[in-house]
Amino acid sequence: MVWTIFAVASVVLLGLSAGVFFGFSSFVMSGLARASDEAAGEAMNGINETAPLPAFMSIFFGALLVPGVTGIWGLVDERAGGGWILAAAAVYLVGTFGVTMALNVPLNNRLLAAHDKAAEWRAYRQPWTSWNHVRTLAGVVATALAAVGLL
């Protein structure tokens with residue numbers, strides 16, 4: 001019963017994380033692109049400064065830790081879904097968490113440090129959005145894998 005609660009929490013956390021990234025890929029970035037380059041760069045800096053608050057970070061890290069623990073626990077207890085949930089954690093680790101830390105965060109830092117926000121926004125928007133699409137896809141795949149493990 002407790003393992004099942006952790007498996008459900010894994011699916012929920014992964015789904016919430018994927019949803020955040022989907023929102024950026026589907027409408028936030030295109031909405032920002034409608035603003036002036038200067039305004040869009042400033043707005044994205046504001047978003048990036050508020051992202052590390054507990055509301056998002058608990059989802060972002062929880063979507064890595066809870067499925068990782070649940071998957072290992074499931075394998076140790078020889079639960080059929082343990083491998084699926086551990087695979088979900090691995091996909092999330094590489095495709096969402098890893099891409100964020102290795103690619104999106106450095107782009108965010110460059111935008112924040114730029115003196116010419118408009119020029120930096122023009123250089124930032126396309127690669128950041130492309131990598132966000134990768135994070136979105138990885139989050140969706142991880143959610144699906146965890147859901148299969150739950151079933």
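These exercises, with worked solutions, explore a predicted model.

Residues are numbered from 1 along each chain as its sequence is written. In this predicted model local features need pLDDT of at least 70 and side-chain atom pairs count only at pLDDT 80 or more, while totals for chains, interfaces and linings use all residues; side-chain values use heavy atoms, with hydrogens and water left out.

**Exercise 1. The overall build**

Task: State how many helices and strands the protein has, and what box its C-alpha atoms fill.

Solution: 
- Step 1. Count the elements. There are five helices and zero strands. Helices (H or I, at least four residues) and strands (E, at least two) are DSSP runs, numbered from the N terminus.
- Step 2. Read the order. From the N terminus on, it is α-α-α-α-α.
- Step 3. Take the box. Along the principal axes, the C-alpha atoms fill roughly 55 × 25 × 20 Å.
- Step 4. Check burial. Of the 151 residues, 41% count as buried. Buried means under 20% relative accessible area, exposed over 50%, and partly exposed in between (1.4 Å probe, protein chains only).
- Step 5. Look at sequence separation. Among contacts (heavy atoms within 4.5 Å) between residues at least 6 apart in sequence, 79% join residues at least 24 apart.

**Exercise 2. Helix α2**

Solution: 
- Step 1. List the buried residues of α2. They are A40, G41, M44, N45 and N48.
- Step 2. Look down the axis of α2.
- Step 3. Find the cover. It includes α1 (2–33), α4 (82–113) and α5 (117–150).
- Step 4. Zoom in on N45. This residue of α2 is buried, with a relative accessible area of 4%. Beyond four places in sequence, N45 touches N108, L111, L112 and K117.

**Exercise 3. α1 against α2**

Task: Describe how α1 and α2 pack.

Solution: 
- Step 1. Two packed helices are described by the angle between their axes and the distance between the axes.
- Step 2. α1 and α2 pack at about 135 degrees, with axes 9 Å apart. Axes are lines fitted to C-alpha atoms, for helices over the stretch in contact, and angles run from 0 to 180 degrees between N-to-C directions.
- Step 3. Classify. That angle makes α1 oblique to α2. Angles under 35 degrees count as roughly parallel, over 145 as roughly antiparallel, 65 to 115 as roughly perpendicular and the rest as oblique.
- Step 4. Name the residues. F24, V28, M29 and L32 of α1 meet A40, A43, M44 and I47 of α2.

**Exercise 4. The nonpolar cores**

Task: Find which residues have the most contacts inside the largest nonpolar core.

Solution: 
- Step 1. Define the term. A nonpolar core is a set of buried Ala, Val, Leu, Ile, Met, Phe, Trp, Tyr and Cys residues joined through side-chain atoms within 4.5 Å.
- Step 2. Find the centre of contacts. The largest core has 17 residues, and L14, A88, Y92 and A146 have the most contacts inside it.
- Step 3. Trace the suppliers. α1, α3 (54–76), α4 and α5 each give at least two residues. The largest share, six residues, comes from α1.
- Step 4. Look for another core. Apart from this one lies a core of 10 residues, among them M29, L32, W121 and W128.
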